[in-house]
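Load the model and follow the stops below in order. Each stop names a selection and says what is found there.

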Amino acid sequence: MSSTTKIAIGADHAGFEYKEMLKEMLASLAYEVKDYGTHSAASVDYPDFAHPVAEAVESLAADFGILVCGSANGVAITANKHQQIRAAICWENEIAALARQHNNANVICVPARFVSPELAKDMVRTFLNTAFEGGRHGNRVDKIAC
């Protein structure tokens, strides 16, 4: 990805530390990152952060989104309520690559309680550097929105 790629990032309390770590990594790779919170490990409601990240990607204010919570389920369910969002829960690099290649996912959802920090960073790098294959996958992706 280009160093001008814009990333929207958000997390709940369970994902706060990983969000901060991922922000540092992305900054070191010259991505433009907009942090939609949370800004501490205090208990919060994940939709309050998932919706703004999804809205940023959906409106094209960001090229991709990253959401982090304990299991990644809550943020993925919330983000996928937005018509132009394809949020994928990833737990290994191959899933992150396939989410981009086959599903044209535009938001990666990281389960902080189930992956190591290094794997989280690897998955985000993989996600951001993998292109959508199009073709037969494009036909399928076109059928997702209601």
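Which residues in α1 meet which residues in α5? Select Tyr18, Met21, Leu22, Met25 and Leu26 in α1, then Pro117, Ala120, Lys121, Val124, Arg125 and Leu128 in α5: these meet, contact being heavy atoms within 4.5 Å. By class, nine of the residues in this contact are nonpolar, two are charged and none is polar (Ala, Val, Leu, Ile, Met, Phe, Trp, Tyr, Cys and Pro count as nonpolar; Asp, Glu, Lys and Arg as charged; the others, Gly among them, as polar).

This is a predicted model, in which local features need pLDDT of at least 70 and side-chain atom pairs count only at pLDDT 80 or more, while totals for chains, interfaces and linings use all residues. Residues are numbered from 1 along each chain as its sequence is written, and side-chain values use heavy atoms, with hydrogens and water left out.

Next, show helix α1 (residues 16–28) and helix α5 (residues 117–128) whole; their axes are 10 Å apart and the packing angle is about 50°. Helices are DSSP runs of H or I with at least four residues, strands runs of E with at least two, numbered from the N terminus. Axes are lines fitted to C-alpha atoms, for helices over the stretch in contact, and angles run from 0 to 180 degrees between N-to-C directions. The two helices, α1 and α5, are therefore oblique to each other (under 35 degrees is roughly parallel, over 145 roughly antiparallel, 65 to 115 roughly perpendicular, the rest oblique).

Stay on α5 and select phenylalanine 127, together with phenylalanine 64 in strand β3 (residues 64–69); the pair ties together parts that are 63 residues apart in sequence. Phenylalanine 127 is buried at 0% relative accessible area, and phenylalanine 64 is buried at 7% (buried is under 20%, exposed over 50%, partly exposed in between, with a 1.4 Å probe and protein chains only).
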